[in-house]
Amino acid sequence: MAATAMDHDGGEVVTPGELLGNSSLLAGLGAYADGRCVRASITGHRRLVPPPPGSTDQRSTVEVVGHKAHGAVPQPGSVVIARVTKVMARMASADIMCVDSKAVKEKFTGMIRQQDVRATEIDKVDMFQSYRPGDIVRALVLSLGDARAYYLSTAQNELGVVSAQSITGGTLVPISWTEMQCELTGQIEQRKVAKVE
Amino acid sequence: MSAAATAGTYSPASAAGEKRRERKEELRRHLAEDADWPRADGRSFHDCRPAFMQTGPTTAASGSAYAEFGKTKVIVSVFGPRESKKAMLYSDTGRLNCNVSYTTFATPIRGQGTDNKEYSAMLHKALEGAVMLHTFPKTTVDVFALVLESGGSDLPIIISCASLALADAGIMMYDLVTSVSVSCFGKNIIIDPTSDEEAWQDGSLMVAYMPARKEITQLTLTGEWSDGKITNAVELCMDACSKLCDILRERLKDASSLAE
């Protein structure tokens, strides 16, 4: 559960290395423990978050809210928006464009493997009937992956293709979780479609 | 996002060839005497040059900083964290790449604007102890330092300016890194030497220091030193680094307040 910050107006501005408190405080975001001290690791406003009710540790958490955090970086568990760049028999390559609700400054490469496309009938997944190059997909970052790409997954109802174009260039409209229909020609194409919210 | 500039920096009048030759002869004459004499620009032995620092001059970069110390002018841009090149192996911790280059017009003799590999390696060594590499796994942070004018003590200014740029970019750091160098003349130690002073020094010492944590990330020693003098010089550098760090923190807080 999220606790509200004590100082809504934001506390004093601190810079990396500055002392935030002693061991009576827990180090939160933008802070780190250094022996018996807690120090800031980024520039920003110092905030004190009271402990959640009922927790065993009654220490407050001190964190630093950055005025200008660096660009978004995919983390395991993040929901990302990516554009499919290449579709192969066992995987699809995608460029990550947004992490949660923040755009990335420079693209990160992601990969959707065959076993991560959907949760059912994993053995029968046909990559070419799930994605096409140019599709915009919503995916979950499974792990950091390997040196080349992050591992992405669309094996949930809310994940999958959110925007696509048909072969003739018209916009595809979702009609089921496996099919999309072209606005112009009525042609039906197969996709792993995300559930619309 | 750029911060408002407060104190202006002094720029000495451009010296003619005749004046420069006179100054060098005067410097050579002063070196023979073991006394506290005013330096060519009027400073005493333990005075640093006027410092001007500013964040955010490069809008395309994640973070950037500009620094002037006397005649030395340096601009540093930080990009990232961004994707590592495909040739690089997987790494659980992030990578820090540093590149130091000089413009063609940076030195009195027009050069080719070469990359300085030695300075790049030293900058990397000074910064990697302070940056939390584990906070951006698999990605890379690139630091590009460009020396617009070389007026002596270039590398310490590059290190301090790069630290300011990294903090401006929001990269997590254990502490800011500041750096100062000293020169040895006979029995005397002078701080923050200019190009002319560096040309005549017996030895030099550079310290890159994290003032809040009281840790040194880099120590570089050249020339001839006695043990006692090294200790004095290191302490002098650490004291100057702490004062310089206060300037950096003020600059960051100004930029942070303006952003709200």
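Colleague: What percentage of the residues in chain A is buried?

Modeller: A residue counts as buried under 20% relative accessible area, as exposed over 50%, and as partly exposed in between (1.4 Å probe, protein chains only). In chain A, buried residues make up 42% of the 197 residues. Please note that this is a predicted model, in which local features need pLDDT of at least 70 and side-chain atom pairs count only at pLDDT 80 or more, whereas totals for chains, interfaces and linings use all residues. Residues are numbered from 1 along each chain as its sequence is written, chains are lettered from A and ligands numbered from 1 in the order in which they are written, and side-chain values use heavy atoms, with hydrogens and water left out.

Colleague: How many helices and strands are there in chain A?

Modeller: Helices (H or I, at least four residues) and strands (E, at least two) are DSSP runs, numbered from the N terminus. Chain A has zero helices and 16 strands. Its accessible surface, computed by the Shrake-Rupley method with a 1.4 Å probe, comes to about 10,200 Å², and 51% of that belongs to carbon and sulfur atoms.

Colleague: What share of the contacts in chain A with a separation of 6 or more comes from residues 24 or more positions apart?

Modeller: Contact means heavy atoms within 4.5 Å. Among the contacts of chain A with a separation of 6 or more, 50% are between residues 24 or more positions apart.

Colleague: How much area is buried between chain A and chain B?

Modeller: The size of an interface is often given as the accessible area lost when the parts come together. The buried area is that loss (1.4 Å probe), summed over both parts. Here about 2,900 Å² is buried between chain A and chain B, with carbon and sulfur atoms giving 53%. Chain A brings 34 residues to the contact and chain B brings 36.

Colleague: How many salt bridges and polar contacts are counted between the two chains?

Modeller: A salt bridge is a side-chain nitrogen of Lys or Arg within 4 Å of a carboxyl oxygen of Asp or Glu. A polar contact is a pair of N or O atoms within 3.5 Å; within protein, one must be able to donate a hydrogen and the other to accept it, and residues adjacent in sequence count only if both atoms are side-chain atoms. Between chain A and chain B there are two salt bridges. In A:Glu18 and B:Lys253, which form a salt bridge, the closest N and O atoms are 3.1 Å apart.

Colleague: Which strand of chain A gives the most to the side that touches chain B?

Modeller: That is E10(A), with five residues. The residues on this side of chain A divide into 13 nonpolar, 12 polar and nine charged. In this scheme Ala, Val, Leu, Ile, Met, Phe, Trp, Tyr, Cys and Pro count as nonpolar, Asp, Glu, Lys and Arg as charged, and the others, Gly among them, as polar.

Colleague: Which residue forms a salt bridge with B:Glu197?

Modeller: The partner is B:Arg39, with the closest N and O atoms 3.0 Å apart. The pair links distant parts of the chain, 158 residues apart: B:Glu197 lies in helix H4 of chain B, and B:Arg39 in the loop between helix H1 (17-32) and strand E1 (51-55). B:Glu197 is buried, at 3% relative accessible area, and B:Arg39 is buried at 3% as well.

Colleague: Where do B:Asp142 and B:Arg82 lie?

Modeller: B:Asp142 is in strand E5 (residues 139-149) of chain B and B:Arg82 in strand E3 (residues 72-83), so the pair ties together parts 60 residues apart in sequence. Their salt bridge has its closest N and O atoms 2.7 Å apart, and both residues are buried.

Colleague: Is A:Lys124 buried or exposed?

Modeller: A:Lys124 counts as exposed, with 62% relative accessibility. Its side chain meets that of A:Glu121 in a salt bridge (3.8 Å, N to O).

Colleague: Which side chain lies in polar contact with A:Arg191 at 2.7 Å?

Modeller: That side chain belongs to A:Asp135. Another polar contact, of 3.1 Å, joins the side chains of A:Arg191 and A:Glu189. A:Arg191 is in the segment after strand E16 (188-190) of chain A and is buried, with a relative accessible area of 2%.

How values were computed: Buried area is the accessible area (1.4 Å probe) that two parts lose on being put together, summed over both.
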